[in-house]
Amino acid sequence: MRVAITGASGLIGRALEASLLDDGHTVVRMVRHLPRGQHPPHVEEAEWRPEQGRVDTVALHGTDAVVHLAGAPVGPALWTRHRRTVIRRSRVRGTRTLCQALAGMADPPPRLLTASGTHYYGDTGGYAATEDSPPGTGFLAGVCQDWEEAAAPAAEAGLSVAHMRTSVVLDRSGGMLRTLLPLYRAGLGGRLGSGAQYMSWIAMRDHIGAVRFLLEHPEITGPVNMCAPEPVSNADFSRALGRALGRPVFLPVPAAALRAVLGDFAEETALTDLRVLPERLAKAGYSFALPTLDRALSDILARPGPSTGA
């Protein structure tokens with residue numbers, strides 16, 4: 001296959017590129033600069049500048065699929081008015097620009113996988129959300145809804161479009177787990193707030209595996225929850241990480257302290273209840289390599305580098 005990737009330099013993008021290249025596929029990195037002449041084997045570049053509404057569609061001819069991962073980091077940081085604008089615009093404007101460009105191609109790539117998030121469902125209140133559950137409320141829920149709607153031009157043009165509603169991705173080389181590991185190794189780990197709030201998660205190995213599965217199954221369209229089948233409470237996650245590292249877990253972080261430092265970011269991420277199930281992946285036959293948190297943490301911590309799904 002020849003697969004174009006936006007956000008190829010990010011945590012997930014790097015792992016996806018490595019997985020595709022390991023299997024002999026060609027990757028087209030969509031970059032915000034003029035393409036450079038020097039690349040590794042089977043790697044190409046295509047210019048795109050979503051802020052200016054520019055996409056080099058000529059470089060995308062002959063591409064089998066586009067995986068759209070680009071978006072400004074959500075946190076951890078205070079969500080100032082400017083930060084909220086950056087988060088929303090990078091996702092909505094970037095997706096709309098890309099999808100309008102693809103829709104205008106005479107022979108567009110037939111498959112588009114575009115990122116979204118499980119925050120689409122808002123606070124689930126302990127109930128399990130599936131792809132058929134209604135959208136929630138809050139800043140991130142609204143961003144996810146607008147993000148997915150921005151891909152409409154591609155779907156209307158006949159592309160097979162799937163929205164990857166991604167949960168917390170666990171990998172030692174980045175993201176939440178990389179932030180937590182030094183604290184837990186120092187014996188400073190603990191639950192956040194009451195610890196009763198559910199969190200959905202997925203090991204990088206399975207996230208990349210699921211992306212590859214969706215590339216091979218273009219009949220799967222619409223929302224797809226990218227999360228492991230066993231969400232856990234925050235307290236259970238803390239205990240599991242402590243067990244995996246052989247370290248005590250006894251320093252809870254009060255919810256009031258999180259709110260004081262991070263404001264709405266803490267409220268909608270660390271403290272929100274987000275219990276989501278991967279119903280569509282399961283029904284389509286995807287088999288999780290690391291379905292439980294203990295197995296996932298053991299596998300991740302035993303690997304010397306990022307997990308690629310290989």
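Which residues of helix 6 are buried? The points below take that up and then move on to other parts of the predicted model.

1. Basis. This is a predicted model, in which local features need pLDDT of at least 70, side-chain atom pairs count only at pLDDT 80 or more, and totals for chains, interfaces and linings use all residues. Residues are numbered from 1 along each chain as its sequence is written, and side-chain values use heavy atoms, with hydrogens and water left out.

2. Helix 6. The buried residues are Met204, Asp206, His207, Ile208, Gly209, Ala210, Val211, Arg212, Phe213, Leu214 and Leu215. Buried means under 20% relative accessible area, exposed over 50%, and partly exposed in between, using a 1.4 Å probe and protein chains only. Helix 6 runs over residues 204-216 and reaches 18 Å from its first C-alpha to its last, close to the 18 Å expected at 1.5 Å a residue. The expected span is 1.5 Å times one less than the number of residues. Helices (H or I, at least four residues) and strands (E, at least two) are DSSP runs, numbered from the N terminus.

3. Helix 1 against helix 6. Helix 1 (residues 11-22) packs on helix 6 at an angle of about 60 degrees, with the axes 10 Å apart. Helix 1 is therefore oblique to helix 6. Angles under 35 degrees count as roughly parallel, over 145 as roughly antiparallel, 65 to 115 as roughly perpendicular, and the rest as oblique. Axes are lines fitted to C-alpha atoms, for helices over the stretch in contact, and angles run from 0 to 180 degrees between N-to-C directions. The crossing is right-handed, meaning that the near helix is turned clockwise from the far one by less than a right angle. Helix 1 supplies Leu11, Ile12, Ala15, Leu16, Ser19 and Leu20, and helix 6 supplies Met204, His207, Ile208, Val211, Arg212 and Leu215. Contact means heavy atoms within 4.5 Å. By class, this contact has nine nonpolar, two polar and one charged residues. Ala, Val, Leu, Ile, Met, Phe, Trp, Tyr, Cys and Pro count as nonpolar, Asp, Glu, Lys and Arg as charged, and the others, Gly among them, as polar.

4. Helix 7 against helix 11. The axes of helix 7 (residues 234-245) and helix 11 (residues 293-302) come within 10 Å and cross at roughly 40 degrees. Helix 7 is therefore oblique to helix 11. This crossing is right-handed. Asp236, Phe237, Ala240, Leu241, Arg243, Ala244 and Leu245 of helix 7 meet Leu293, Asp294, Leu297 and Leu301 of helix 11. These residues divide into eight nonpolar, no polar and three charged.

5. Arg295. This residue is in helix 11. Arg295 is partly exposed, at 47% relative accessibility. Beyond its neighbours within four places in sequence, Arg295 is in contact with Ala289 and Leu290.

6. Thr97 and Val55. Thr97 is in helix 2 (residues 81-103) and is buried at 11% relative accessibility. Val55 is in strand 4 (residues 54-55) and is buried at 16%. Not counting residues up to four places away in sequence, Val55 touches Met30, Glu47, Trp48, Leu60, Thr97, Leu98 and Ala101. Val55 and Leu98 are 43 residues apart in sequence, with C-alphas 6.8 Å apart.

7. His42. Check the backbone here. Most residues other than glycine have a negative phi. His42 has a positive phi of about 65 degrees. His42 is in the loop between strand 2 (26-31) and strand 3 (43-49), and is partly exposed at 48% relative accessibility.
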